[in-house]
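Please keep the sequence and the structure in view while reading.

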Amino acid sequence: MRQLFTYQVPKDMQSPTIYVGERIAVPFGNRQVIAIVIETSDESEFDNDKIKPISKRLNDNFHLSNQLV
């Protein structure tokens, strides 16, 4: 899928900071999928009530470099 999606970082996942290139699990339809953080921002063009939260961080030492993201 060649489209970006926006997710919220829950308060309990804000420390340590989620970084670009990190893998995360997110809800997508009726399933959980693995995603890669492409960008972080404190602002969004979408209503915060409509943005789903990240489900969990995948602490597997996987990280895409900024050049690949």
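Two strands pair if DSSP finds at least two bridges between them, and strands themselves (E, at least two residues), like helices (H or I, at least four), are DSSP runs numbered from the N terminus. In β3, the residue that forms the bridge partner of I24 is R57. The model is a predicted one, in which local features need pLDDT of at least 70 and side-chain atom pairs count only at pLDDT 80 or more, while totals for chains, interfaces and linings use all residues. Residues are numbered from 1 along each chain as its sequence is written, and side-chain values use heavy atoms, with hydrogens and water left out.

**The sheet**

An open sheet is formed by 3 strands in the order β2-β1-β3, with antiparallel pairing. Because β2 and β3 stand at the edges and each has a single partner strand, one side of each is left without a neighbour in the sheet. The pairings are set out below.

| Strand pair | Bridges | Direction |
|---|---|---|
| β1 and β2 | 6 bridges | antiparallel |
| β1 and β3 (residues 56–57) | 2 bridges | antiparallel |

β1 and β2 form a hairpin with 2 residues between them, and G29 in the turn has a positive phi of about 65°. Across this pair, F28 stands opposite R31 in β2, and A25 has I34 as its bridge partner in β2.

**The core**

M13, I18, I24, V26, V37 and I54 make up the largest nonpolar core, which has 6 residues; such a core is a set of buried Ala, Val, Leu, Ile, Met, Phe, Trp, Tyr and Cys residues joined through side-chain atoms within 4.5 Å, where buried means under 20% relative accessible area (1.4 Å probe, protein chains only). Leaving aside neighbours within four places in sequence, I24 is in contact (heavy atoms within 4.5 Å) with residues including V33, V37, I54 and R57.

**The pocket**

A pocket is an open set of points on a 1 Å grid over the protein atoms alone, where a 1.4 Å probe fits, with protein on both sides within 12 Å along at least five of seven lines; lining residues have an atom within 4 Å of a point. The largest pocket is lined by 36 residues, of which F5, T6, Y7, Q8 and E39 lie nearest its centre. The largest share of this lining, 4 residues, comes from β2.

Methods. Buried < 20%, exposed > 50% of the residue type's maximum accessible area, 1.4 Å probe, protein only.
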